[in-house]
Amino acid sequence: MELNRRRVAMPRREDIHKVLIIGSGPIVIGQGCEFDYSGTQACKALMEEGYEIVLVNSNPATIMTDPEMSDRTYIEPLTVETVEKIIEIEKPDALLPNLGGQTALNLSSELDKEGILAKHNVEIIGIQPDAIERGEDRIIFKEEMKKLGVPMPPSMPAYSVEEAEGIANEQGYPVVVRPAYTMGGTGGGLVYNVEELRDIAERGIAASMINQVLIEEAVIGWQELELELVRDNKGKKISICFIENVDPMGVHTGDSFCVAPMLTVAQEVQDRIEEYSYRIADAIGVIGGANFQFAYNPEDDRMVVIEMNPRTSRSSALASKATGFPIARISTELAAGLNLDELPYWKEGTLDKYQPSGDYVVVKYARWAFEKFPEVEDKLGTQMMAVGEAMSIGKNFIEAFQKAIRSLEIGRYGLGNIKKFQGLGRDEILKALSSPSSERIFLIYHAIQQGISIEEIKELTYIDDWFLHEMKKMVYFEKQIIEYKGKKLSDKLLIEAKELGFSDKYLAQILDIEEKTIRDGRYLLNKKSEYDRVPVSGADGEYYYSTYNKTGNPVKSADSKKIMILGGGPNRIGQGIEFDYACVHASFILKKLDYDSIMVNCNPETVSTDYDTSSKLYFEPLTVEDVLRIYEKEKPEGMIVQFGGQTPLNIAEELEEAGVNILGTSPASIDFAEDREQFRDLMTKLEIPQPESDIARSMEEARKIARKIGYPLMVRPSYVLGGRGMEIVYD
């Protein structure tokens, strides 16, 4: 596999030749494809330096379990018994434990505690077992923090529901239940009374590897702030990324709307976060990347550490893509003996001189699947509910924010113009805002449109008023645009709208005109997006993002044979990591055929958005506007849309109409398969039997067809994946 990076010879340890890597197993909410990304980076880094890699994982959809990613791949259950058998066969010299999420970390701990690693002379490299225990065991972590003088919320451990009840009664409700050795808030939760406590404590104790939960003061409404750092074998530490969760404490970080760098947090507070994190990293003995989460109350300047992850995490993937610092790769090289002063910094010198930089803002926004499960309450808390996420980059917060919204693929291209909110009264809006949900940010926008004050919204949501005022700017600007409904938008407003990140599609929707009309108007004004770059540290590479604002270092396109690949966007139920796998393979094959591969995707957790997977990576929303601009700039020989799942298929026809050369299966053929009516007619023509069926475009038509066919019936929408909106109905 060709890698485009400045090579630094890794100081080979003569006693290590073969390394065992444990994957993360099946994707579950809270443990997703970010660990496929981390594990793949680890495999590539070690193979590049001549180490033999043995990989064990049970997930068939990942690029990590592809034979090219290791010397020997075992697709097997991730259990102590299975891994011991593999160790007996392969006789690895070392085990790398901290890149496969909680699954790999817990399994590595068990292998160590049961003496299996010692029995077979397998050394753990990188994070050590005692460091894992100090980071993951809630009691030990609390004791370490006390020694270090790092403040934590008042808490007590419990091993039974009865113990948990006693602690909660003493502390007073609400409290947070945090199980040890779990991820994504699994088994935990925020509880307000004894009935909720009994249910969640029982669940948390069962979820914990050591049947331990922490009953902790609920610091609801405080700011939630994160630092991602890397520490080497000499104890040198560098801060990679400061992440500000816009949603306050009470919402899991995996569900939180986040920004990097921090936009409302004073430098003194960031310095305190860094100081505490460095103390903890030294005490725990971190080697490689680690994530630290803090709660901060601006009212009384109180700060407490909530937890730390002594491994790569969802935040590590986000931090890597936000900064261009490949945390998993660097962590692997540090685990194998390299230090930061031996790795190149993209600016000059070595990575021990690294400083976070960049003249851009990154926004991460979660993707949920509540529409798939109407019986599940749309409510966010300390247990993660997101199934995926999108990341966007812009020159200012509003530009990045609007790009993130249209990256979600939920049929929304801006924050307003949502029909189901139109009839809500003031009291209904305020009631809905009082509880975090997947709709809360959209509801805030609607509330501002309805004249509800920033002060009232802040009191209910605890969201910093800086972000609320930025949304108010958007609302005010949108109000000016709507005055042109049915008329041509003024040139001045169109230019301003693009610089604020308003998409062509959204402008067309609120003006009730065709998107092409907006696009043609922009082109006449020569208002086209430009591209800037995110350089990669510790390796040779970069990737690109669009902006309608000025950039001092525009990206040029090479005069070479090129083909574009459209990725799958944010993961959701029915469209997941398998499409990342397909896109990555497409990129690898194009390289072998001497084509430059140009990847377009917006998912920070994936291998397709790794800097060295493709010849060129554009971190962009998968919409007609964003994809078409890249196509016009790069002038490829064509575009592949069939590997990214439903996402690229839904825009293929519009792209073709705009002049894009679609390679492989044509949009017309895709249409045959996706349109139920066309597919049914084709099956009839081919004399291939189907269940009796008919096409409905209204409730009246549906009832008429149902009476003719008889119940039970299957309702199948066109143009969906994973059975979305599909139901068996009995009456």
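Which side chain meets that of aspartate 681 in a salt bridge? In this predicted model, the partner is arginine 680, and the N-to-O distance of the pair is 3.9 Å. Aspartate 681 is itself partly exposed, with a relative accessible area of 41%.

**Salt bridges**

Side chains of opposite charge can pair when their charged atoms come close.

| Residue | Partner | N-to-O distance |
|---|---|---|
| Lysine 403 | Glutamate 620 | 2.9 Å |
| Lysine 420 | Glutamate 439 | 2.6 Å |
| Aspartate 681 | Arginine 680 | 3.9 Å |

In the salt bridge between lysine 403 and glutamate 620, the closest N and O atoms are 2.9 Å apart. Lysine 403 belongs to helix 12 (residues 397–407), while glutamate 620 sits in the loop between strand 21 (616–619) and helix 22 (624–634), so the pair ties together parts of the chain that are 217 residues apart in sequence. Lysine 403 is buried because its relative accessible area, 2%, is under 20%, and glutamate 620 is buried as well, with a relative accessible area of 1%.

The salt bridge between lysine 420 and glutamate 439 has an N-to-O distance of 2.6 Å. This pair links distant parts of the chain, with lysine 420 in helix 13 (residues 419–422) and glutamate 439 in the loop between helix 14 (426–433) and helix 15 (440–449), 19 residues apart. Are lysine 420 and glutamate 439 buried or exposed? Lysine 420 counts as exposed, at 52% relative accessibility, whereas glutamate 439 is buried, with a relative accessible area of 12%.

Some salt bridges share partners, and in this way Glu34, Arg314, Lys364, Glu389 and Glu605 are joined into one network.

**A parallel sheet and its helix**

Turning to the strands, the structure contains an open sheet of 5 strands in the order 3-2-1-4-5, with parallel pairing. At its edges are strand 3 (72–75) and strand 5 (123–124), each of which pairs on one side only. Strand 3 pairs with strand 2 (residues 52–57) in the parallel sense, over 4 bridges, and within this pairing valine 56 has tyrosine 74 of strand 3 as its bridge partner.

Which strands does helix 1 lie across? Helix 1 (residues 34–48) lies across strand 1 (18–22), strand 2 and strand 4 (94–96), and runs at about 175° to strand 1.

Technical notes:
Residues numbered from 1 in each chain as written. Predicted model: local features only at pLDDT ≥ 70, side-chain atom pairs only at ≥ 80, totals over all residues. Heavy atoms only, no water. Salt bridge = Lys/Arg side-chain N within 4 Å of Asp/Glu carboxyl O. Helix = DSSP H or I, 4+ residues; strand = E, 2+ residues; numbered from the N terminus. Buried < 20%, exposed > 50% of the residue type's maximum accessible area, 1.4 Å probe, protein only. Pairing = 2+ DSSP bridges. Contact = heavy atoms within 4.5 Å. Axes fitted to C-alpha atoms, helices over the stretch in contact; angles between N-to-C directions.
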